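The following briefing goes through selected local features of one model, grouped by topic. Please read it alongside the sequence and the coordinates.

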Amino acid sequence: AGKSVGIGDGVKVELTACVFCRKNDDCPNKYGEKKTKEKWNLTVHYYCLLMSSGIWQRGKEEEGVYGFLIEDIRKEVNRASKLKCCVCKKNGASIGCVAPRCKRSYHFPCGLQRECIFQFTGNFASFCWDHRPVQIITSNNYRESLPCTICLEFIEPIPSYNVLRSPCCKNAWFHRDCLQVQAINAGVFFFRCTICNNSDIFQKEMLRMGIHIPEKDASWELEENAYQELLQHYERCDVRRCRCKEGRDYNAPDSKWEIKRCHCCGSSGTHLACSSLRSWEQNWECLECRGIIYNSGEFQKAKKHVLPNSNNVGITDCLLEESSPKLPRQSPGSQSKDLLRQGSKFRRNVSTLLIELGFQIKKKTKRLYINKANIWNSALDAFRNRNFNPSYAIEVAYVIENDNFGSEHPGSKQEFLSLLMQHLENSSLFEGSLSKNLSLNSQALKENLYYEAGKMLAISLVHGGPSPGFFSKTLFNCLVYGPENTQPILDDVSDFDVAQIIIRINTATTVADLKSIINECYNYLELIGCLRLITTLSDKYMLVKDILGYHVIQRVHTPFESFKQGLKTLGVLEKIQAYPEAFCSILCHKPESLSAKILSELFTVHTLPDVKALGFWNSYLQAVEDGKSTTTMEDILIFATGCSSIPPAGFKPTPSIECLHVDFPVGNKCNNCLAIPITNTYKEFQENMDFTIRNTLRLEKEESSHYIGH
């Protein structure tokens with residue numbers, strides 16, 4: 001039995017009962033959290049307290065109960081004790097209908113019972129069953145039942161207290177109880193229309209209709225290891241005849257009994273030996289995915305696995321797999337198969353793929369403090385911080401080194417990522433002029449910088465950074481198909497002396513000439529393990545192949561493996577391997593050159609434009625394209641956004657133009673906004689634009705080079 005206590009005016013309730021509704025029920029979905037303050041002998045339901053008509057939150061959140069002072073709660077209980085509930089006919093009715101001239105008062109649970117509506121917003125108004133807001137539909141064309149889009153049970157599509165319709169999708173209907181449970185679980189950041197994902201219009205209507213949307217993060221974001229099971233890889237051999245004596249579930253990494261998953265769906269597997277795969281890097285497709293490829297016309301282009309020469313192994317052993325057990329919940333693998341079925345080919349837009357990867361980014365933000373003059377070390381410190389999570393949204397604050405005042409100012413995330421990728425491209429981790437391969441830097445290996453470089457590149461791509469565009473085809477093929485399936489070319493060799501040796505060997509015209517060159521380079525060839533017996537002139541081709549393989553691939557094996565591990569961050573490497581054609585366009589090729597047309601379409605006009613200034617802006621873009629200006633298209637984009645090219649995932653927010661009564665243009669890189677001056681003549685407009693953009697970028701370069709010089 002609960003202890004009875006007095007709360008004023010002779011009213012006594014048990015300590016475990018709410019002082020407003022006198023109920024012991026502990027049902028957060030219906031009545032809100034039940035809070036007991038033993039120090040003051042007080043228990044309340046959160047909703048009973050929140051909706052009471054005569055009390056206001058006068059304290060801070062940690063004071064009293066949810067910011068409602070104890071003395072105010074006691075006064076409200078005393079006031080309510082004089083009011084009789086029009087439902088249960090008992091005293092303590094603390095909630096009144098706000099409709100003019102309506103005298104009805106009731107307890108919160110009694111109001112729910114009679115289908116009153118409580119609005120958890122604004123002044124927290126309450127409406128009785130006669131005055132509650134309703135959803136009005138001009139015409140009802142629904143003759144049959146429709147499913148609730150949350151629980152999928154069929155309901156009559158007629159708006160009522162228990163049945164609500166989405167304001168943004170006319171064919172989306174819900175049970176009130178389903179909506180309320182979803183709102184409590186999703187919170188204000190994730191509660192949205194289940195059909196179109198609209199949040200603003202949807203939440204506004206649901207609040208009007210009495211759905212409580214708590215200002216908290218989603219329950220699945222707060223639960224530790226909530227999606228741990230999704231991180232478990234599928235590990236089972238599904239080929240029809242598994243040759244592993246330890247069984248189908250046996251997985252021994254770095255051996256022939258390692259499980260390799262289907263690179264299309266990830267939900268079927270095979271031992272390397274059971275499908276005659278020579279290495280883990282080799283791609284393998286399950287029977288279901290291979291059937292889809294075959295039907296889409298891609299089968300002829302797909303690589304075929306080499307079958308062993310043993311007579312005991314037939315084609316069915318390697319190509320026919322058992323279907324793997326499927327979970328009721330749709331897995332990422334099954335989603336991949338759906339995408340395969342929808343399209344006739346594997347080709348997909350890289351922007352779409354990056355946006356899909358971006359779905360991993362959570363609402364929670366992490367602020368990075370970046371010294372613009374020392375971008376590499378700042379980024380390294382930030383990404384190595386134990387509190388950094390690649391899936392958190394990134395905010396950038398620029399700081400100044402040795403600034404005693406500790407001042408900081410907001411920075412552009414996309415500008416930061418653009419500067420970081422520029423530094424990475426020109427760093428000692430890569431070698432080559434335009435198309436780059438990994439270098440061999442012992443100090444970088446010691447500091448694990450190759451891993452960090454791969455991680456930075458992956459984070460940049462997922463968080464909206466620029467196209468890297470500096471990978472050689474050889475480096476890209478090593479990442480996608482594996483080093484053992486990649487053949488380097490002479491252009492991959494950046495060492496002049498090594499390139500000369502290869503050229504001399506390749507151009508040898510006689511066996512004697514070839515042997516002479518080998519004798520001259522004997523020490524080098526012995527050191528790299530490429531000495532071979534020369535009997536014919538054609539042996540030179542195998543020798544060149546060996547030298548290229550060593551210098552470009554074997555020599556940098558350790559940096560490559562480290563870089564590849566970093567690139568696995570946020571699932572980027574897996575996506576690259578699944579869609580090589582799409583990612584080759586941004587990893588191996590620089591973005592297309594900007595034009596007046598591209599920039600004109602890129603920038604939108606949000607405010608009421610000045611027609612004359614916009615005309616000057618379009619003329620200016622054309623003048624820049626025609627070479628009649630000291631600035632370039634890239635300069636304009638850098639000035640406004642901090643990026644010299646359009647990121648493959650696009651700009652966030654979309655670049656915009658403002659026409660202001662200012663003398664010179666202003667670039668706001670945080671908002672990607674360019675304010676252009678309103679001038680009397682086009683000559684004045686161009687001079688002001690050229691002067692400001694040219695000098696702003698010059699000063700930024702001088703600051704950067706000043707640091708590098710020291």
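Phe 124 is partly exposed, with a relative accessible area of 30%, where partly exposed covers the range between buried (under 20% relative accessible area) and exposed (over 50%), computed with a 1.4 Å probe on protein chains only. The model is predicted, so local features need pLDDT of at least 70 and side-chain atom pairs count only at pLDDT 80 or more, while totals for chains, interfaces and linings use all residues. Residues are numbered from 1 along each chain as its sequence is written, and side-chain values use heavy atoms, with hydrogens and water left out. Helices (H or I, at least four residues) and strands (E, at least two) are DSSP runs numbered from the N terminus.

**Backbone geometry**

- Most residues other than glycine have a negative phi, and most peptide bonds are trans.
- Although Phe 124 is not a glycine, its phi is positive, about 55°, and its place is in the loop between strand 7 and strand 8.
- Glu 115, also not a glycine, has a positive phi of about 65°; this residue is found in the loop between helix 4 and strand 7.
- Lys 652 and Pro 653 are joined by a cis peptide bond with an omega of about -5°, and Pro 653 is found in the loop between helix 26 (633-641) and strand 21 (656-660).

**Salt bridges**

- The structure holds 19 salt bridges, each defined as a side-chain nitrogen of Lys or Arg within 4 Å of a carboxyl oxygen of Asp or Glu.
- Arg 132 is partly exposed at 22% relative accessible area, and Glu 115 is partly exposed at 27%.
- Glu 356 forms a salt bridge with Lys 575, their closest N and O atoms being 3.1 Å apart. Because Glu 356 lies in helix 11 (residues 350-358) and Lys 575 in helix 22 (residues 572-578), the pair ties together parts that are 219 residues apart in sequence. Glu 356 is partly exposed, with a relative accessible area of 22%, whereas Lys 575 is buried, at 19%.
- Lys 597 and Glu 601 meet through their side chains in a salt bridge of 2.8 Å, N to O; both lie in helix 24 (residues 596-602), four residues apart, about one turn of the helix, and both are exposed. Elsewhere, salt bridges that share partners join Arg 236, Asp 238 and Asp 249 into one network.

**Helix 25**

- Helix 25 (residues 611-625) has 15 residues and reaches 22 Å from its first C-alpha to its last, close to the 21 Å expected, that expected span being 1.5 Å times one less than the number of residues.
- The buried residues of helix 25 include Phe 616, Trp 617, Tyr 620 and Leu 621, and the helix is followed by Gly 627, whose phi is positive, near 80°.

**Packing of helix 15 and helix 21**

- The axes of helix 15 (residues 449-462) and helix 21 (residues 557-567) come within 6 Å and cross at roughly 30°, with axes taken as lines fitted to C-alpha atoms, for helices over the stretch in contact, and angles running from 0 to 180 degrees between N-to-C directions.
- Among the residues that meet are Tyr 450, Tyr 451 and Leu 457 in helix 15 and Pro 559, Phe 563 and Leu 567 in helix 21, contact meaning heavy atoms within 4.5 Å.
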